[in-house]
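Hi,

Here is the structure I promised to send over. Have a look at it first, and then read on for what I found in it.

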Amino acid sequence: MNPLRRNRVHIRRNLELITDRNPAEMAPERLGLAPDATQTIHSAFVDLYRTGLHPGLQLCIRRRGEILYDRAIGYASGVAGDDPLHGARREMRRNTPVCLFSASKAITAMLVHKCAEDGLIDLDATVTDTIPEYGQRGKQHTTVRHLLAHQAGIPRIPLPRPDPSLLWDWDRAIATLCAAKPLHGAGEQQAYHAITAGFILGELVQRASGMPLNDYLARHFAEPLGMANFTYGMPRERQHEAARNACTGGPLPLPLRVLARRVLGADFDRVPAIANSPEFMSAVIPAGNLYATAEEATRFFEMLRVGGVYKGRRLLAPESIARAVAPVSGIRLDRSLMLPVRFSMGMFLGESPFGLYGPHSREAYGHLGFMNIVCWADPSREIAGALINTGKTLAPTALMRFLQLMNTIGRTIPRDAPDAARLDRAA
């Protein structure tokens, strides 16, 4: 029997049989939390899975650098009709690599900030200083800062119905974006750049460093952090290990379909099948296809939270991180998402009294990926977290349970001190 029925996963009675738990989880009392903190978070995590809208989930939370919670539940493949490996059912494990989709942008942004730290890129210089052909049709004044802050005026691929093959043809993508006419002048509006800015930022890193993007990522982050994954795309010989994505929850209402197409550049229900294709998985898509586990994502964000150091080795200067997570403006209506959002140069920022990262999370930063993947650090709570999933849905039940889980994490792990974020960033 196919466990994906009516766009929902069949929920087994005994979920412990499909739950992978990290034996290194630390007792919450040792991390300054109530004895029932782990169980409270687990209950909310299971409630999200019980919606039946996510074939597989991973959640990892680090507190003060230690693993408080690290578990996976459900299936990595074999439950979605648009999965090329349909029928080869595999359980989701903690070490299963999953596409982070737009949460990849946070890592790409930090590669740019690393280039800036090393004097290879000036964030206030025009893009044309490094990519001369970008300065076409009024884009000659666009700076690197504008690209990072979603203010570059190229939020969408400038084609009426872009073919997905553009995503895995790097040279054609760069040429298309260089030739594009911006929708507005640089810095005039905030409009989320779902795919476009990532290619130009990746090209900037490659030209400035003289290295392929994955090689630069490996040298500065993936290898020093000891990552088994953490690459844009997956090698063909390892693609069978990655989790597959599924469109769940039924068709979107017309207004949401239009908004999703405008943001994603493709129909919402086509994106999981595109993401499951060997071509997508083999490509380098800086804004949308970094593969990692939840634990690996928290390793990266914990490094940012503590000021750029991992196991005694400095990977980033504290000043680079502070610049990367500083707001570029107050909260603004985003012209792509049609939601009020506060960005830094590369991150979605938290908000109070409630934001993407839970209650009273104004000091938190991170990134959302395809609606309900989220990777973040919250210095005021001394945590780094990652919630990774394979169900692509805007079903109200899934969104409600997602927000409830984030709220539970925020309320279960209290803020330690109002100045905690500043102290961490100065470390």
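Predicted model: local features only at pLDDT ≥ 70, side-chain atom pairs only at ≥ 80, totals over all residues.

Residues are numbered from 1 along each chain as its sequence is written, and side-chain values use heavy atoms, with hydrogens and water left out.

Back to Glu25, which sits in the loop between strand S3 (19–21) and helix H1 (37–49). A polar atom of the Glu25 side chain lies 2.9 Å from the backbone nitrogen of Asp70. Leaving aside residues up to four places away in sequence, Glu25 touches Thr38, Ile67, Leu68, Tyr69, Asp70 and Arg71 (contact means heavy atoms within 4.5 Å).

Now the whole protein. You'll find 13 helices and 21 strands in it; these are DSSP runs, helices being H or I with at least four residues and strands E with at least two, numbered from the N terminus. Of its 427 residues, 60% count as buried. Among contacts between residues at least 6 apart in sequence, 69% join residues at least 24 apart. As for overall dimensions, the C-alpha atoms fill a box of roughly 60 × 50 × 40 Å along the principal axes.

Cheers

Note on methods: Buried < 20%, exposed > 50% of the residue type's maximum accessible area, 1.4 Å probe, protein only. Polar contact = N/O pair within 3.5 Å; in protein donor to acceptor, adjacent residues only side chain to side chain.
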